[in-house]
Amino acid sequence: MAQITINKPSSSWWIATFSNPPINLIDPDTIGELQDLVTALENDAEVKVVVFRSADPDFFMAHWDVLADKATVAAMPPGPTGMHPWGDVLVRLARAPVASIAEIRGRARGAGSEFALACDMRFASRERGILGQFEVGMGAIPGGNPMARVAGLMGRGRGLEVILGANDFSADIAERYGYINRALPDDEIETFVDSLAGRLASFEKHALVGAKALMNEVTLPPDTVFQHALSAFFASTVHPGTRARGAALIKRGLQRRSDLELNLGRAVAEHP
Amino acid sequence: MAQITINKPSSSWWIATFSNPPINLIDPDTIGELQDLVTALENDAEVKVVVFRSADPDFFMAHWDVLADKATVAAMPPGPTGMHPWGDVLVRLARAPVASIAEIRGRARGAGSEFALACDMRFASRERGILGQFEVGMGAIPGGNPMARVAGLMGRGRGLEVILGANDFSADIAERYGYINRALPDDEIETFVDSLAGRLASFEKHALVGAKALMNEVTLPPDTVFQHALSAFFASTVHPGTRARGAALIKRGLQRRSDLELNLGRAVAEHP
Amino acid sequence: MAQITINKPSSSWWIATFSNPPINLIDPDTIGELQDLVTALENDAEVKVVVFRSADPDFFMAHWDVLADKATVAAMPPGPTGMHPWGDVLVRLARAPVASIAEIRGRARGAGSEFALACDMRFASRERGILGQFEVGMGAIPGGNPMARVAGLMGRGRGLEVILGANDFSADIAERYGYINRALPDDEIETFVDSLAGRLASFEKHALVGAKALMNEVTLPPDTVFQHALSAFFASTVHPGTRARGAALIKRGLQRRSDLELNLGRAVAEHP
């Protein structure tokens, strides 16, 4: 895979490192690689835990590549769930018979936040971790239905602040809200996650899989709501106001290694 | 409207200030004004955010006026949902195509807490904010079904402590429990809420409405449970013990600007 | 009852103190006594609140007695819900028309944590309280479906960390995660719980019962998921890896007053 490098400390423990310069955008190729990875996780008899890391300390996953060719995106064949591949990747990862951990250094926004929310657990660097769903600030409805994830993690009130407010959340507030499991000092997070992953990898796979299946039974939203969000996202992007906001943000630095991308939560509410 | 003053910094941003001296009780007139306001929010094409404030720094909304004429209350015609107007106001506000923010200075108890819980977001003054559902302490079952709201915000355990314990909760503990989004210093809360509301008012209405609708899909309790709570409330108030407790509390200062109203959570468990 | 002593400060307020030396294991006799106690709570006209305490400051309830005769356990007749008596006790306690409080000093692990999670409220000693679901670390799926309880208390992400990670959680982190209502200083917890219980005991029973019933309506998982977990637990214990892990832990000190029992969360991931 070109963007995702898989490293295996053991056959039970996979580490997926994401690198898509300049700012780790999620593009159609990323989705294709994630589909292949999730399929491998579903079928491998030995893997028990997968950790998602970023090669870029400023960006875990910046957000969806808004300049991706719209015809290409619309033409992507549905995944095994019958959904558009982005929704497909998210719901299959959440159901996968393996524990998944997002180790968040840098920004996880938009689709990057959605991906982190589809993982079983999330840990973020106290100094470098930033999470947010900036889409509403650009006039778009988040397509991976983070609404359905944050509802269970932080409740409707804080969830609406995240989704409608479209701002950036530091790791400290993300921890307080339940957006992430814990914030950890930047120089300890990798050790912490390695320790947890090594622990999980040392357990019986049947127990991990069976316990997660029972958790899935009481926590996973129905697939239909992800379909609703994908439809709402595509419909929202054709509004003239949304197109104008997107164009203005691109002019100001969106998609580039820029101050605007570093501070996107603030930037979407500035109307210069 | 006599009790609620609407101020509009812009056509997208409404501020509703509540004033019903001496202690901001919610009475049948309040409900009528809230019905009209929610209907206006449902139908206005431009409003994106509404902020609820109190003119009294000690009372956001004290609680339901227990001396309101029972025949009048029972005779109030149902709202558009078919429910008693109080339940009707709460469920329509939660579903309304606009972001709603409760800015809580002073006490929000009983129906006042229920109203705050029906808003999309809640922020409280660290020094002045107090929330609670004192009803069980008086022998009554809360009629606006705060049970169904706190379940999703703080979980069953803390929710049962709030509902069954019937005590006052400071803004600090309310924040820790998820009862409110955040506690803010009293001299900063208005600036914080203005900033958030101004931000929301600057976004595209279709994106706010669409994203909230998807959140509603996964977080709103079914209307039926609100009907159950209204019935349980009315049934509970006719118990002799409940009548006796209510009468004793009124004698001790309930409904007046009194020490008892300032410390109602403590007072309901004192049995002098 | 031999293991559970009931003390009644008043007819409305029961205190159940658990003592099953050496480490407060839950065995078939414990379940029988808990069934009788829950039945009494269901039928008593006056009791409003029950507090669960431990006579051993190091162990609230250690965990299920893994050496209990398997034939005896399998032959235990189902309770009134039709479920195996352990699932039966948990779901009946959660539905019981009385407020229940777990006062956790010492370790509440495995079935002990499941019991605490079935109580309406949980308070733990900051210095002495430790909670955890160590089962997955031994290769077993937790049988009392703590997954369905923690989902609502702390969300899927932290819940999966607790269940799959199988580690010990201090009272401080348990409070931050929502595993417990609050952590309290060890020398204050009994006073705090007594005060809350006395408060509840002074209220109207019909109001407590009615308000809890409305909370049950929106928070209790369906009984079927508890049946699923019991089946998954029994199936998981016959795996060879699970048997081997159990045997090794017993050799190292499981079920005895040992360093291993004091630090079981750490011990299950050590593979000497």
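**Exercise 1. The rotation axis**

Task: Which residue of chain C comes closest to the rotation axis, and at what C-alpha distance?

Solution. Of the residues of chain C, C:Gly152 comes closest to the axis, with its C-alpha at 4.3 Å. This is a predicted model, in which local features need pLDDT of at least 70, side-chain atom pairs count only at pLDDT 80 or more, and totals for chains, interfaces and linings use all residues. Residues are numbered from 1 along each chain as its sequence is written, chains are lettered from A and ligands numbered from 1 in the order in which they are written, and side-chain values use heavy atoms, with hydrogens and water left out.

Next, chain A. Its residue closest to the rotation axis is A:Gly152, also at 4.3 Å (C-alpha).

**Exercise 2. Relating the copies**

Task: What rotation and what shift superpose chain A on chain B?

Solution. Two copies of a chain are related by a rotation about an axis and a shift along it. Here the rotation is 120° and the shift along the axis is 0.0 Å, with an RMSD of 0.0 Å. The two copies are thus related as by a three-fold rotation axis. The superposition is by least squares on the C-alpha atoms of residues with pLDDT of at least 70 in both copies.

Now take chain C onto chain A. A rotation of 120° with a shift of 0.0 Å superposes them, at RMSD 0.0 Å.

Then check the confidence. The pLDDT is the predictor's confidence in each residue, from 0 to 100. Chain A has a mean pLDDT of 97, and 100% of its residues reach 70 or more. For the complex, the predictor gives an ipTM of 0.98 and a pTM of 0.98.

**Exercise 3. Chain C against chain A**

Task: How many residues of chain C are in contact with chain A, and how much area do the two chains bury?

Solution. Count the contacts (heavy atoms within 4.5 Å). On the chain C side there are 41 residues, and they touch 32 residues of chain A.

Next, the area. The size of an interface is often given as the accessible area lost when the parts come together. Buried area is what two parts lose on being put together, summed over both, with a 1.4 Å probe. Chains C and A bury about 2,900 Å² between them, and 60% of it lies on carbon and sulfur atoms. In chain C, the residues that lose the most area to chain A are C:Arg156, C:Arg158 and C:Leu164, together 26% of what that side buries.

Last, the charges. A salt bridge is a side-chain nitrogen of Lys or Arg within 4 Å of a carboxyl oxygen of Asp or Glu. Four are found across this interface. One of them joins C:Arg245 to A:Glu204, at 2.8 Å from N to O.

**Exercise 4. Chain A against chain B**

Task: Which three residues of chain A supply 26% of the area that chain A buries against chain B?

Solution. First, the contact: 41 residues come from chain A and 32 from chain B. The two chains bury about 2,800 Å² between them, 60% of it on carbon and sulfur atoms. A:Arg156, A:Arg158 and A:Leu164 supply the 26%, more than any other three residues.

This interface has four salt bridges. A:Arg156 forms a salt bridge with B:Asp120, with the closest N and O atoms 3.1 Å apart.

A:Arg156 is also in contact with B:Leu220. That leucine sits in the loop between α9 (205-219) and α10 (223-236) of chain B. Beyond its neighbours within four places in sequence, B:Leu220 also touches B:Ala94, B:Arg95 and B:Arg149.

**Exercise 5. A strand in chain C**

Task: Is strand β7 of chain C enclosed or open, and why?

Solution. Buried means under 20% relative accessible area, exposed over 50%, and partly exposed in between (1.4 Å probe, protein chains only). Strands (E, at least two residues) and helices (H or I, at least four) are DSSP runs, numbered from the N terminus.

Five of the five residues of β7(C), residues 121-125, are buried, so the strand is largely enclosed by the rest of the structure. On one side lie C:Met121, C:Phe123 and C:Ser125; on the other lie C:Arg122 and C:Ala124.

Now find its partners. Two strands pair if DSSP finds at least two bridges between them. Strand β5 (residues 99-104) of chain C pairs with β7(C) in the parallel sense, over four bridges. There C:Ala102 has C:Arg122 as its bridge partner. Strand β10 (residues 182-184) of chain C also runs parallel to β7(C), joined by three bridges. C:Ala124 stands opposite C:Ala183 in β10(C).
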